[in-house]
Amino acid sequence: MPTTKDSVTVLDPIGLHARPAGQIVKLVKESGLEVRMGKSGQELAKANSPLRMMALKAKTGEELEVEVDCDDEAVATALIAQIQEFLKG
Amino acid sequence: MLDSGTILTGMGVGLSSVAAEVFRVKPAASLPGPAKHSGDEALETENLKTAIATVSAEMNALAEKAGETSAEIFEALIMLLEDEELFETASSQINEGWNAGTAFINAVEEYAELFAGDETFEERLNDIRDLARRVAASIAGISLGLDIPTTGRFVIVGDDFSPADTAQFTKAVVGVVTIQGGPTSHTAIICRSKSIPAVVCCQQAKDIVDGMQILVDPVGDRVVIDGKESDITEAISFIAKSHDPIIPVRANIGSLEDAIAASASAADGVGLFRTELLYLSATTQPTKQAQAENYAEILKAAPAGPIVVRTIDAGSDKPVPFLDMGHEENPALGVRGYRLIEKHRDFIVDQLESLEIAREQSGREVWVMAPMIATYSEAIEFAMLARKVGKFKVGIMVETPSIVYQINELAGALDFISVGTNDLSQYLFAADRMNPALGAMLNPWQPALLRALEQIAAVSQTAGISSGVCGESASDPAFAVVLAGMGFHSVSSSRSQVGVVRQALSSVTMEQAKEVFEAALTGIDADHAKSAALAALVAISAK
């Protein structure tokens, strides 16, 4: 399955906290796709656990890599755009 | 045993007060300690799944009861509770032999370690730990319900309350007192949103028992045993009666951002420019040119008026990477502030020379002062050094008790002094600022500190030295009035407080400020001093 990669920026003033982490995981679960997120240069984590997402300790202004395994690139791109939305706080 | 009339100090939440009977929440039945299971991993895993589902359903029910403010909090909590990775981690704990309840608590603790030290997550961590306790309790068949009465009027007193606890608050809850937790705890947030009068972080509340009558008085930051309506501290609204405050209100800054923000406030210059920030992250000593550029930029951006610059205030607990500080047993009593001159004279001279270049470039009025001056000789040495380097007004910080007794001898040598009340308290009371257990001694309303400040203001006046206060206490509007009443010539507040401090100092005359100070002096302890001063302020504002 091809992988779509892009980066998102944490804009929420309190960083990647419980609420956006929960929203992202909920979205990923509903999509049924495998999505990985993390800081660039580090091993990405599966975005199926809010605790794991919070453990990235991403602060306001930090960039995160997102990878989505999906045959339809348009779906993957839309999903990443939605994740960016959640990170706006 | 708490006698009638006893005052317990905490932090108030809200502006209204309430007097009612106490309902003391019992410490929850203790959970069974960590234990291994008998060998049936599948059964334990199943037990854990059931317990998570049960607690999740409880949370859902509580979310409905709690209403809108908390619904989002519960939704987030439920997601964390049902976290797949958390379950995986707990499962591997079961495989290691731990029973379901222990395994889940251990799994949460594994994540807790990841979050430790991160302020954003620490409060959330308490919520997650509370969930883990609930899961373990469900497995052990223990009820964690609070059993709060549904009728009558009660002040609920307990350690601290989690979201699941506050959701059980009934209509009978008219006030809340917690022993722990701070102004940003979940309890405080909920009480604020529901307008329930509360006092949090009230350690002596541990001795409050069922059936007592107490007054919850958030404005006075206190709880009064058997308190009546007449004991309620009135919220003071400072109404400016003149355009200008009775003494100038300056701002505390530490960076260019601060300087820009402060100039948007009504601050009359800068009363404390902390220079450490410019050095604490540098690995090598910045060149004089780089320092001068930095300073010039900040001086230009600072609010109109004089700018009081404090030379570097570093020590082994606040080390500057490029200065060799070594290790000390007691950093607060060690080689810090101006004492660095012994080993690092060049650096301090460099700093003053850079400031002089910046002063010329910016055309601003710059005052310089040295921190941690303890003797006459140190003060004179610094004054001579600073005057040789530049056209500054020269002064010292007064934060050690020893220098208080030599201010009169510094007449003619110094232009000004500035009191750092936080450190002065620490050294006056021999109470470590970093130790939260000693907070009560560091309360600026302590009568001994008030008298020390009074003495400093008086002796500076006699010596013809301008005096100011730049410690934390000068950010408290009521305390700022007391400082003006003592005879200080200026105060410097954190920039978010400049507006309210200015307003307080514009709402009284100098005569009235003196009355407020005299009233504060009648208190035999910090609480009485503060309430006497507040009462005097209320009487003035009623005129």
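The model is predicted, with pLDDT of at least 70 needed for local features and 80 or more for side-chain atom pairs, while totals for chains, interfaces and linings use all residues. Residues are numbered from 1 along each chain as its sequence is written, and chains are lettered from A and ligands numbered from 1 in the order in which they are written.

Helix 18 itself, residues 510-521 of chain B, has twelve residues and reaches 17 Å from its first C-alpha to its last, close to the 16 Å expected at 1.5 Å a residue, the expected span being 1.5 Å times one less than the number of residues. Its buried residues are B:Gln512, B:Ala513, B:Val516, B:Phe517, B:Ala519 and B:Ala520. They lie on the same side of helix 18 of chain B because they cover an arc of only 160° around the axis, an arc taken from the directions from the helix axis to the C-beta atoms. The face turned away from this buried side of helix 18 of chain B carries the exposed residues B:Met510 and B:Glu511.

The axes of helix 16 and helix 19 of chain B come within 11 Å and cross at roughly 90°, the axes being lines fitted to C-alpha atoms over the stretch in contact, with angles that run from 0 to 180 degrees between N-to-C directions. Helix 16 and helix 19 of chain B are therefore roughly perpendicular to each other, a term for angles of 65 to 115 degrees. B:Ala478, B:Val481 and B:Val482 of helix 16 make the contact with B:Ala533, B:Leu534 and B:Leu537 of helix 19, two residues being in contact if their C-beta atoms, placed from the backbone, lie within 7 Å.

Chain A has three helices and four strands, which are DSSP runs numbered from the N terminus, of at least four residues (H or I) and at least two (E) respectively. Along the sequence, chain A follows the pattern β-α-β-β-α-β-α, and 38% of its 89 residues count as buried.

Between the chains, 15 residues of chain A are in contact with 15 residues of chain B. On the side of chain A that touches chain B, helix 1 (18-31) and helix 2 (50-54) of chain A each supply at least two residues.

Note on methods. A residue is buried if 20 or more other C-beta atoms lie within 10 Å of its own, exposed if 12 or fewer, and partly exposed in between; C-beta atoms are placed from the backbone. Angles under 35 degrees count as roughly parallel, over 145 as roughly antiparallel, 65 to 115 as roughly perpendicular and the rest as oblique.
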